Amino acid sequence: MTRVFTASVWQEGGRYVAQALEVEVASQGETVDLALANLREAIELYLEPPSTGGSHP
């Protein structure tokens, strides 16, 4: 299943910030492309189902 998200990208200081508008996920990078790649990874982690094999009792 493929999901499409809208990203807002802006420059803050010397870095670019990318934020997904449909979910509360944001990331940053030194370039727009890197910020978007980092955002894609952050969204994948955000949507990943929780692990059931943790080390908690």
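The following conversation goes through a predicted model of one protein chain and asks what stands behind the words used for it.

Biologist: What makes up the secondary structure of the protein chain, and in what order do the elements run?

Modeller: The chain comes to one helix and three strands, and from the N terminus on these elements run β-β-β-α.

Biologist: How do you know that the protein chain is more spread out than a compact globule?

Modeller: The radius of gyration is 14 Å, whereas the globule rule gives 10 Å for 57 residues, so the chain is more spread out than a compact globule. The C-alpha atoms fill a box of roughly 45 × 25 × 15 Å along the principal axes, and buried residues make up 18% of the 57 residues. Among contacts between residues at least 6 apart in sequence, 10% join residues at least 24 apart.

Biologist: How do you know that the reach of helix H1 is close to what is expected?

Modeller: Helix H1 covers residues 32-47, which is 16 residues, and from its first C-alpha to its last it reaches 22 Å, close to the 22 Å expected at 1.5 Å a residue.

Biologist: Which residues of H1 are buried, and why are they said to be on the same side?

Modeller: The buried residues are Ala 35, Leu 39 and Ile 43. They cover an arc of only 75° around the axis, and therefore they are on the same side of H1. An α-helix has 3.6 residues a turn, so residues three or four places apart point the same way. The face turned away from that buried side carries the exposed residues Asp 33, Arg 40, Glu 44 and Leu 45.

Biologist: What covers the buried residues of H1?

Modeller: The cover includes strand S1 (7-12), strand S2 (15-20) and strand S3 (25-29).

Biologist: What makes a set of residues a nonpolar core, and which residues form the largest one?

Modeller: The members have to be buried residues of the nonpolar kinds, joined through side-chain atoms within 4.5 Å. The largest such core has seven residues, namely Ala 18, Ala 20, Val 23, Val 25, Ala 35, Leu 39 and Ile 43. S2 and H1 each supply at least two residues of this core, and the largest share, three residues, comes from H1. One member, Val 25, is in contact with Ala 18, Gln 19, Ala 20, Leu 39, Ala 42, Ile 43 and Tyr 46, once its neighbours within four places in sequence are left aside.

Biologist: Why is Ser 27 called buried?

Modeller: Ser 27 has a relative accessible area of 19%, and buried means under 20%, so the word applies. The place of Ser 27 is in strand S3, and, leaving aside neighbours within four places in sequence, Ser 27 is in contact with Tyr 16, Val 17, Ala 18, Ala 35, Asn 38 and Leu 39.

Biologist: Why is Gln 19 called partly exposed?

Modeller: Gln 19, which lies in strand S2, has a relative accessible area of 33%. The C-alpha atoms of Gln 19 and Thr 6, 13 residues apart along the chain, are separated by 8.3 Å.

Biologist: Why is the meeting of Glu 30 and Arg 15 called a salt bridge?

Modeller: The side chains of Glu 30 and Arg 15 meet at 3.9 Å, N to O, and the cut-off for a salt bridge is within 4 Å, so the pair qualifies. A search of the whole structure finds one salt bridge. The pair links distant parts of the chain, with Glu 30 in the loop between S3 and H1 and Arg 15 in strand S2, 15 residues apart.

Biologist: How do you know whether Glu 30 and Arg 15 are exposed or partly exposed?

Modeller: Glu 30 has a relative accessible area of 56%, and exposed means over 50%, so Glu 30 is exposed. Arg 15, at 33% relative accessibility, counts as partly exposed.

Key. Residues numbered from 1 in each chain as written. Predicted model: local features only at pLDDT ≥ 70, side-chain atom pairs only at ≥ 80, totals over all residues. Heavy atoms only, no water. Helix = DSSP H or I, 4+ residues; strand = E, 2+ residues; numbered from the N terminus. Expected span 1.5 Å × (residues − 1). Buried < 20%, exposed > 50% of the residue type's maximum accessible area, 1.4 Å probe, protein only. Arc of directions from axis to C-beta. Contact = heavy atoms within 4.5 Å. Rg over C-alpha atoms; globule rule 2.2 N^0.38 Å.
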